[in-house]
Amino acid sequence: VGLFLATLVGLLPHLRLSFEREGWPDVAFVIDTSRSFGTADDFQDAEVRQRAEELAEQWRQMAAPTITELRQRLQQRQSEGAAPSELAELREHLEEWQTPTRLNLAKALIAGTSNDWLHDLLRRRQVKIHLYEVNSRVTRLAEITDAAGADSALQQIRGLRALGESSHLGGAVRSILNDFRGGSLGGIIMLTDGVTTDGENLVQAARHAARADVPLFLVGLGDAQEPRDLFLHDLQAEDTVNVRDRLVFDVRVSIRGRISASSVPAVLWEKKPDGSLVELKRATVDLDPNQPVRVRLTTSPTEPGDHTYVITVPEQPDETDKNNNRVEKLVHVFDAKPVKVLYIEGYPRYEYRYVKALLEREAATAQGNRSIQLKVLLVDADRDFAMQDRSALAEMPARDELFGYDVVILGDVAPDHPMMGRKHLEWLRDFVRERGGGLLALAGEQSMPHAYFDTPLGDVLPIQPSNPGDRPDPRERDLLQLGLTTGYRLRLSSIGMQHPIFRLAAEDADNAAIWSGLAPLYFAASGYRPKPTAEVLATHPQMLARRGVGDSEQDLHPLVVQAFVGAGRSLFFGFDET
């Protein structure tokens, strides 16, 4: 069985079946009729290709009368105005008979004019043949004990179709062994491509057959080498952007088999309403037979609305599947409008001063692209602060006003502060879940995040408190203390490397260089773990995550975590130097 997944074993002139017996033993003859066995191969080995062409020619001779009959039937039903579904079925049936599929080559191999395995087994081996087909289940088609039965069975074999939705090869072997339990089953002959899509595979079934002392004779049809194919996959791009935003498409290009090209152009197009394509960007991809190659293409849409983008690589003359050389992505482009941000902070720490100044400076730009309308609520400020600062609020907005914002940034605020309280925390929770707003929680040394775990807002935070039994990193306290003096730099996770908020340059190498050159961070929050549905975007470079039984001991402590909650999204920063 280990050698079974090979090229056309029909290269052997005869099936060698031998065993000792006192009476006529039973032999199970099994033919795969799953959809994969209806595939036509592009054989890459010259010797195998020659043998397959010989069998294909034999099949054409066998199939000629039926092909003529099907063509006449199709023409007749067309003239009679048959339903489109019936005509489509007739065309599909005709195509099956005209194509040298694996199943049709198997028919030529065992039921052709020069290859009649059934009569040969009866005459030379003196066995009783039990004919089966296998796809999603195994079905007994005939029991053959004489020449007349063999003639009838050959007609059944020639009419088989590869329509099975799944392939239970191992299950078929086990089922047949059970049928003959305690009987005289001398062997199982199976013609298949070896593709098992469900249940037990042939290796497992072979062990069961060995225990029953029943040999398996496996005749493999199909190309042992992968079909030639150049294809695109794993497209990543934002679903929504603003006008004039930088829209990045990351896609992977892979090859299977022996593609002759060593490099190809990847082209980004915009698909217009009339179906025409307008080229936007292209890049040369150096193909690697051992691993996918990532390519990045960018554009900046200038018009709002739904835009369909297409990425293509050229079809190769020697590839078998030309339907996967393009991928499409629908992106909604919003008209440029201000993003309404509410920043709630407890006290005027450096984080507050910097973020407030940054967002106010962005709001003051005149580019008209991503301007920000900022309001801040500093809960420990004097009551007249709102009168002195035009960005400041004197109290928490009402629920309807809160739902008018796009983003809420929540800093190091005590949840039981008179300006907060349970009612306002429930509003913030609903702002994320129901309104679909964005929440960014910024860690601090007083309240965020630990004071929020047992509040209504804890439902939408992407992190949760460490379990009492979690094992902290033995170095945790020392690393946190060391960070306060020497600093540390974030380590981006694989997801974080592709996340837009961490893309500071178009190329990976440039982006990594920027991150390695940034000033270090010092404070890091601890004592929490990400929720099961959350994604970790960045971690501490050394400190291990709090972990329970079964958790990976290599996971690092998460410092940037995001989660999609209801209709919105929440994000947590475990540091205070945004």
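Predicted model: local features only at pLDDT ≥ 70, side-chain atom pairs only at ≥ 80, totals over all residues.
Trainee: Why is the pair formed by F29 and W117 called edge-to-face?

Mentor: The ring centres of F29 and W117 are 6.4 Å apart and their planes stand at 80°; since rings pair when their centres lie within 6.5 Å and count as edge-to-face when the planes are over 60 degrees apart, this pair is edge-to-face. By this rule the count comes to eight aromatic pairs.

Trainee: What makes this pair a tie between parts apart in sequence?

Mentor: F29 belongs to strand β1 (residues 26-32) and W117 to helix α4 (residues 117-125), so the pair ties together parts that are 88 residues apart in sequence.

Trainee: How do you know whether F29 and W117 are buried or exposed?

Mentor: Buried means under 20% relative accessible area, and F29, at 0%, therefore counts as buried, while W117, with 13%, is buried as well.

Trainee: What kind of aromatic pair do F573 and F575 form, and how do you know?

Mentor: The rings of F573 and F575 are 5.2 Å apart from centre to centre, with 20° between the planes; because planes under 30 degrees apart count as stacked, the pair is stacked. F573 is buried, with a relative accessible area of 11%, and F575 is buried at 5%.

Trainee: What makes you say that K107 lies over the face of W97?

Mentor: K107 is placed at 5.3 Å from the ring centre of W97, and the limit for a charge over a ring is 6 Å from that centre, together with a position within 35 degrees of the ring normal. The charged end of K340 likewise sits over the ring of Y405, 5.4 Å from its centre.

Trainee: Which residues of helix α12 are buried, and why are they said to be on the same side?

Mentor: In α12 (residues 476-486), the buried residues are E476, L479, L480 and G483. They cover an arc of only 100° around the axis, which puts them on the same side of α12. These buried residues pack against β21 (535-544), whereas the face turned away from the buried side carries the exposed residues R477, D478, Q481 and T485. After α12 comes G487, with a positive phi near 85°.

Trainee: Why is E270 called buried, and what does its side chain join?

Mentor: E270, in strand β9 (residues 263-271), has 13% relative accessibility and so counts as buried, the cut-off being under 20%. Beyond neighbours within four places in sequence, the contacts of E270 include L277, V278 and T308.

Trainee: How do you know that R102 is buried, and which backbone oxygen does its side chain reach?

Mentor: R102, in helix α3 (residues 102-111), has a relative accessible area of 13% and is therefore buried. Its side chain reaches the backbone oxygen of S36 at 3.2 Å. Not counting residues up to four places away in sequence, R102 also touches, among others, F37, D193 and L221.

Trainee: What makes L410 stand out in the largest nonpolar core?

Mentor: That core has 67 residues, and L410 is one of those with the most contacts inside it, along with I344, Y452, L490 and V560. Leaving aside residues up to four places away in sequence, L410 touches residues including I344, M420 and Y452. A second, separate core of 47 residues includes L55, L118, V127 and I129.

Terms used: Residues numbered from 1 in each chain as written. Heavy atoms only, no water. Buried < 20%, exposed > 50% of the residue type's maximum accessible area, 1.4 Å probe, protein only. Helix = DSSP H or I, 4+ residues; strand = E, 2+ residues; numbered from the N terminus. Arc of directions from axis to C-beta. Contact = heavy atoms within 4.5 Å. Phe/Tyr/Trp six-rings, centres within 6.5 Å; stacked < 30°, edge-to-face > 60°. Polar contact = N/O pair within 3.5 Å; in protein donor to acceptor, adjacent residues only side chain to side chain. Core = buried A, V, L, I, M, F, W, Y, C linked by side-chain atoms within 4.5 Å.
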